[in-house]
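I opened the notebook to look up a few places in one structure. The entries below keep the order in which I went through them.

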Amino acid sequence: TRLFRLLSAAFYNQVKEVINIHVTDSCPFNCKHCISRRVRGGHAEMPLDVFSRLMEELDDFDRVYLAGAGEPFSYGKDLRDYEASNFAPSEAFWKLLDIAASRARQVYIDTNGIAIPEDEEAARSFLGRLPSNVTLVLSVDEYHDEWLAKYHKDSRAITARLLEWRE
């Protein structure tokens, strides 16, 4: 119908500059709500060269969301050797983020918070490594809190520290 076409065109004009890119299905958690629980069985990750080519093709998108059914900060990591106390992002992740940040006006990283260091100095170093056009979107909910608690972390405490330490 004409109304549907008009609404579709209006909606498209509002969102065509936003894209959500699923770069990994890897995550140290196994949250009840997450679709990755149903599709796990292997480790799938977008190769860095494919991501780079994709970003080159996406000139119309100003906002890129690194999100999906995996923890973006686990990109390039072998979670079989996972330790929550030292969950530093891999160099492959930082390369991926640099590519995204250089091609998009704004990059959002949807995270469960596991990669954010507890120590203030380490957290400031971590935050300082994020390009200025990157925003962290911390999932604060009962499912992630259940898993964070297993690693002696709390999403509300992480949020409070980030707000306190931001510059």
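What follows are my entries on the sheet, the helices beside it and some single residues.

**Entry 1: the model.** I noted at the start that this is a predicted model.

**Entry 2: the sheet.** I looked up the strand order and found four strands in an open sheet, E1-E2-E3-E4, with parallel pairing. I wrote down E1 and E4 as the edge strands, since each of them pairs on one side only. On average, neighbouring strands of this sheet are turned by 20° against each other, with direction ignored.

**Entry 3: strand E2 and its partners.** I then went to E2, which covers residues 63–66. Strand E1, residues 18–21, pairs with E2 in the parallel sense, and I counted four bridges there. For Val18, the bridge partner in E2 is Arg63. On the other pairing, E2 is joined to strand E3 (residues 106–111) by four bridges, and these two strands also run parallel. I looked up two positions in E3: Arg63 stands opposite Gln106, and Leu66 has Ile109 as its bridge partner.

**Entry 4: the faces of E2.** Which residues of E2 are on the covered face, and which on the uncovered one? I found Val64 and Leu66 on the covered face, while Arg63 and Tyr65 are on the uncovered face.

**Entry 5: strand E4 at Val134.** I picked Val134, which is in strand E4, residues 134–138. Val134 counts as buried because its relative accessibility is 13%, and the cut-off for buried is under 20%. I checked Val134 against Arg63: the two are 71 residues apart in sequence, and their C-alpha atoms are 9.9 Å apart in space. Leaving aside neighbours within four places in sequence, I listed Leu97, Ala101, Gln106, Val107 and Ile109 as the contacts of Val134. Of these names, Gln106 had already come up as the residue opposite Arg63, and Ile109 as the partner of Leu66.

**Entry 6: helices H4 and H3.** I looked up where H4 lies and found it across E2, E3 and E4, running at about 145° to E3. Next I took H4 together with helix H3, residues 48–57. Two packed helices are described by the angle between their axes and the distance between the axes. The axes of H3 and H4 come within 10 Å and cross at roughly 5°. H3 is therefore roughly parallel to H4. On the H3 side of the contact I noted Leu48, Phe51, Ser52, Met55 and Glu56. They meet Ala92, Lys95, Leu96, Ile99, Ala100 and Arg103 in H4.

**Entry 7: Glu71.** Is Glu71 buried or exposed? Glu71 is buried, with a relative accessible area of 2%. I placed Glu71 in the loop between E2 and helix H4, residues 91–103. A polar atom of the Glu71 side chain lies 2.8 Å from the backbone nitrogen of Asn112. Apart from neighbours within four places in sequence, Glu71 is in contact with residues including Thr24, Ser26, Cys27 and Pro28. The list of contacts of Glu71 also holds Asp110, Thr111, Asn112, Gly113 and Ile114.

**Entry 8: aromatic rings.** How many aromatic pairs are there? I counted five. One of them is the pair of Phe73 and Phe93, which is tilted, at 4.7 Å centre to centre and 45° between the planes. Phe73 lies in the loop between E2 and H4 and Phe93 in helix H4, so this pair ties together parts 20 residues apart in sequence. Because Phe126 lies in helix H5 (residues 120–129) and Phe73 in the loop between E2 and H4, the pair ties together parts 53 residues apart in sequence. Phe126 is buried, with a relative accessible area of 6%.

Key: Residues numbered from 1 in each chain as written. Predicted model: local features only at pLDDT ≥ 70, side-chain atom pairs only at ≥ 80, totals over all residues. Heavy atoms only, no water. Buried < 20%, exposed > 50% of the residue type's maximum accessible area, 1.4 Å probe, protein only. Pairing = 2+ DSSP bridges. Polar contact = N/O pair within 3.5 Å; in protein donor to acceptor, adjacent residues only side chain to side chain. Contact = heavy atoms within 4.5 Å. Phe/Tyr/Trp six-rings, centres within 6.5 Å; stacked < 30°, edge-to-face > 60°. Axes fitted to C-alpha atoms, helices over the stretch in contact; angles between N-to-C directions. Parallel < 35°, antiparallel > 145°, perpendicular 65-115°, else oblique.
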